[in-house]
Amino acid sequence: MKPPTGGRRPGGSSRPPGGGGKKGAKPKRRRWLKVLAGAFLSMLVLLGVFVGVVYATTEVPTPESVQTDQTTVVYYADGVTELARLGNENRTNVSLGQISQPAQNAVLAAENRAFYTDPGISFTGIVRAAWNNLTGGSTQGGSTITQQYVKNAFLTSDQTFSRKFKELFLAVKLDNEYSKEQILENYLNTIYFGRGAYGIEAAASTYFGVSATELTPEQGAVLAVLIRNPSANDPETNPEGAQQRWGLVLDAMVEQGWLDAAAREAAVYPAVLPNTGSSSGIPTGPEGLIVRQVLDELERQPFSYTRDDIYSAGLRITTTVDKAKQDAALAAVNDVMAGEPANLREALVAVDPKTGGVLAYYGNDLSSSEDPEVDTTDYAQALKQPGSSFKPYTLAAALENGYSVSTRRDGSSPQEFDDRPGLPVVNSGNAQCGNCTLKEAMTRSLNTTFYGLAYEVGPEVVAETAREVAGLPATWDPNRDDNTVPEDLTGYETLSIPKTDITGGSIGIGEYPVRPIQQAAGFATFAAGGVQHATHFVASVADSAGTVLGTGTTASTQAVSAEVANDVTFALTDVAESSDLPLDGDRPVAAKTGTQGANRTDNSDAWMVGYTPSISTAVWVGSKGTEPIVNSRGNIIYGSGLPGEIWQQFMDTVLAGTPEEPLPSKPLIKGDADKGIPEPTRQAPAPTTSQAPEPAPVTNQAPAPSRTPSSSSAPVPSQSPEAEEPVGSTPPVPSSSGPPTPSTSAPNG
């Protein structure tokens with residue numbers, strides 16, 4: 001009979017037969033352990049098969065292929081035409097027997113003391129590198145010499161797991177297929193030692209003037225220190241750090257029994273030859289300055305390469321520079337400046353308004369300088385006062401603050417302003433226009449109009465607008481490698497009085513310096529509807545196999561509104577024609593001349609900047625310093641002279657055969673009528689004498705906006721009168737009865 005439901009089983013226990021769930025769990029657990037163990041063993045087998053297949057299929061490149069892979073090639077924008085080959089000049093291969101044993105030992109002591117006994121890879125280094133990559137620590141692993149050779153010779157310098165994976169398999173297979181002596185020989189012939197020297201033979205000659213077979217332990221230790229970071233450990237630039245690491249290498253040699261302790265005690269740091277500035281493949285002509293800019297750009301974000309990586313990684317760099325446009329730039333400079341005084345210097349930069357890419361670049365010809373000492377200055381990067389070529393930024397700031405190109409201003413001359421008492425502002429040739437629109441004042445380049453405009457809008461407002469439009473930094477960077485920032489500007493605000501952070505009304509007429517490349521970029525922003533694209537030289541970077549590693553910057557900002565850009569362009573459309581610099585076929589173009597005066601009778605800098613929707617070009621002509629500039633006929637150089645001729649020839653050449661691009665035919669912004677002077681109802685009678693009497697200084701008669709300029713009471717440097725060449729006339733001779741000439745330089749038209 002069945003027991004009653006819910007009743008106890010015999011023996012008083014309610015537990016089911018078999019002892020309950022706990023006794024049945026052990027067999028299940030054992031089954032799971034067997035499954036996991038089987039899966040683990042299967043994974044190990046699969047991993048072993050995978051490793052075996054990868055190892056078997058891994059091909060070790062021949063040592064003969066190393067030199068080609070290490071040469072970095074720089075191309076023009078087409079990606080085919082070579083601009084330069086970097087890092088392949090200073091290299092001489094030698095056998096291991098031609099390298100002194102002390103030098104070999106020094107390298108081993110610094111880089112891989114267990115080289116002759118290790119399997120080609122360092123397991124502790126691999127674990128350390130993996131941990132650092134996972135935790136975000138240093139990317140430097142403890143690589144063996146074999147791993148370093150593989151990475152430098154056959155792979156890229158990318159800090160990725162895939163690259164490290166390839167490195168390990170290549171290193172192991174290389175260690176199995178080649179002798180240690182062969183690997184060390186190849187390593188010492190391919191490693192980069194800095195100063196353009198590839199391989200220990202070139203390094204021995206570059207640093208000590210000897211062959212590799214003559215290297216002493218002390219000299220070998222100097223070279224061994226350079227392997228990790230040639231630039232940072234160069235004894236000429238970092239003597240303290242280089243000598244400290246040198247001592248550590250010698251100590252390691254003693255520990256390994258490769259150097260006698262007494263010899264170590266007596267060791268003296270050897271004399272190192274001065275750095276002669278090896279070109280490392282950088283062209284010596286005008287194109288060399290392009291390559292320098294490319295190298296500087298690659299060292300910054302988003303690439304962040306070291307100079308040593310660039311020279312040794314076998315990169316394929318495509319620039320934005322167009323070969324035909326570059327040729328046109330060189331031809332324009334050479335044609336126009338032929339026969340002109342040898343002290344004159346020139347710069348031309350053309351920028352693509354749609355991308356910010358530099359299309360043509362001329363900053364100097366390092367191969368043909370006539371100076372006793374070659375002038376290596378890159379004048380496309382040199383800070384020069386822009387004079388009236390800065391006025392479009394002043395207009396843009398005004399348009400953003402209630403003015404329009406039809407606003408009428410007092411352009412009479414001379415005028416005094418509250419921020420420069422006793423120093424009147426004067427127009428070129430003392431030109432008079434008591435009631436001109438801002439567009440008319442731009443065409444005539446009236447100083448009094450634009451000084452007053454900057455003073456009313458606020459000098460700091462003008463400065464900030466110009467920084468946004470031209471892509472200027474907030475301060476002049478003291479760490480620039482090109483050393484073009486003078487000491488009196490370093491670390492201070494851009495567009496301010498030297499050694500201060502004060503910006504005065506003088507900004508309105510170009511008192512504060514900018515670079516020619518920044519002028520080309522600023523005008524390109526107007527051409528692009530107010531969008532400022534970051535200026536750049538690098539289009540893309542690929543490895544030696546053609547795999548793209550990165551592209552140039554695409555950063556852009558809306559610096560000013562499209563309406564402001566439209567109206568600035570509209571205001572500039574008559575300047576080229578009025579300066580006798582029209583483009584072929586009367587092609588529409590927006591432009592502005594500029595001249596900087598050393599004093600009332602001399603000029604030191606002359607500019608022509610202009611653009612179409614497809615290209616913006618800035619041209620500067622001046623001298624090494626601020627000395628007066630005259631042409632071959634002894635005449636003062638103005639913006640409409642030599643710079644204008646260079647600009648005109650270049651623009652005509654590069655635009656020939658391209659579709660004509662329209663420019664704005666009318667303004668879009670309607671300004672506040674209260675900011676202007678009422679339109680005159682009758683024309684003032686012309687003077688009856690051959691020369692109008694010079695008027696007395698007057699103040700600006702237009703009402704100022706309600707906002708008080710932040711720096712209206714700040715002192716500004718003395719200024720001389722405008723000295724831009726009047727349209728359709730010869731350079732004026734200042735009258736002796738004119739305003740007093742200040743002792744310092746001043747911006748001119």
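Contact here means heavy atoms within 4.5 Å. This is a predicted model: local features need pLDDT of at least 70, side-chain atom pairs count only at pLDDT 80 or more, and totals for chains, interfaces and linings use all residues. Residues are numbered from 1 along each chain as its sequence is written, and side-chain values use heavy atoms, with hydrogens and water left out.

The protein holds 22 helices and 19 strands. Helices (H or I, at least four residues) and strands (E, at least two) are DSSP runs, numbered from the N terminus. Of the 749 residues, 52% are buried. Buried means under 20% relative accessible area, exposed over 50%, and partly exposed in between (1.4 Å probe, protein chains only). Among contacts between residues at least 6 apart in sequence, 74% join residues at least 24 apart.

**Helix H17 and its crossing with H15**

- Helix H15 (residues 391-399) and helix H17 (residues 447-457) have axes that come within 10 Å and cross at roughly 45 degrees. Axes are lines fitted to C-alpha atoms, for helices over the stretch in contact, and angles run from 0 to 180 degrees between N-to-C directions.
- H15 and H17 are therefore oblique to each other. Angles under 35 degrees count as roughly parallel, over 145 as roughly antiparallel, 65 to 115 as roughly perpendicular and the rest as oblique.
- The crossing of H15 over H17 is left-handed, a term for a near helix turned anticlockwise from the far one by less than a right angle, with right-handed for clockwise.
- On the H15 side, the contact uses Lys391, Thr394, Leu395, Ala397 and Ala398. They meet Asn447, Phe450, Leu453, Ala454 and Val457 in H17.
- By class, the residues of the contact of H15 with H17 are 7 nonpolar, 2 polar and 1 charged. Ala, Val, Leu, Ile, Met, Phe, Trp, Tyr, Cys and Pro count as nonpolar, Asp, Glu, Lys and Arg as charged, and the others, Gly among them, as polar.
- In H17, 11 of the 11 residues are buried, so H17 is largely enclosed by the rest of the structure. Asn447, Tyr451 and Glu456 are among its buried residues.
- The cover over the buried residues of H17 includes H15, strand E8 (408-409), strand E9 (415-416), helix H16 (438-444) and helix H18 (459-470).
- Gly458 follows H17 and has a positive phi, near 115 degrees.

**Helices H3 and H7**

- The axes of helix H3 (residues 101-111) and helix H7 (residues 180-190) come within 12 Å and cross at roughly 90 degrees. H3 and H7 are therefore roughly perpendicular to each other.
- H3 contributes Gln104, Val107, Leu108 and Glu111 to the contact, and H7 contributes Leu184, Tyr187 and Leu188.
- The residues of the contact of H3 with H7 divide into 5 nonpolar, 1 polar and 1 charged.

**The five-stranded sheet**

- An open sheet of 5 strands runs in the order E2-E1-E5-E12-E13, with mixed pairing. Two strands pair if DSSP finds at least two bridges between them.
- Strand E2 (82-86) and strand E13 (548-551) stand at the edges with a single partner strand each, so one side of each is left without a neighbour in the sheet.
- From one strand to the next, the twist averages 15 degrees.
- Strand E1 (residues 72-75) runs antiparallel to E2, joined by 4 bridges. Tyr75 has Glu82 in E2 as its bridge partner.
- Helix H12 (residues 287-299) packs on the sheet and touches E2, strand E5 (316-319) and strand E12 (538-542). The direction of H12 makes about 65 degrees with that of E2.

**Hairpins and buried strands**

- Strand E6 (residues 345-351) pairs antiparallel with E7 over 4 bridges. Leu348 stands opposite Tyr362 in E7.
- The E6-E7 hairpin has 6 residues between its strands, and Gly356 in the turn has a positive phi of about 85 degrees.
- In strand E7 (residues 358-362), 5 of the 5 residues are buried, so E7 is largely enclosed by the rest of the structure.
- Strand E16 (residues 603-612) is mostly covered, with 10 of its 10 residues buried.
- Strand E15 (residues 590-597) and E16 run antiparallel, joined by 8 bridges. Ala591 faces Gly610 in E16 as its opposite residue.
- E16 and E17 also run antiparallel, with 8 bridges, and a hairpin joins them through 2 residues. Met608 has Val619 in E17 as its bridge partner.

**Thr617**

- Thr617 lies in strand E17 (residues 615-622). Thr617 is buried, with a relative accessible area of 0%.
- Leaving aside neighbours within four places in sequence, Thr617 is in contact with Leu348, Val349, Ala350, Met608, Val609, Gly610, Trp647, Phe650 and Met651.
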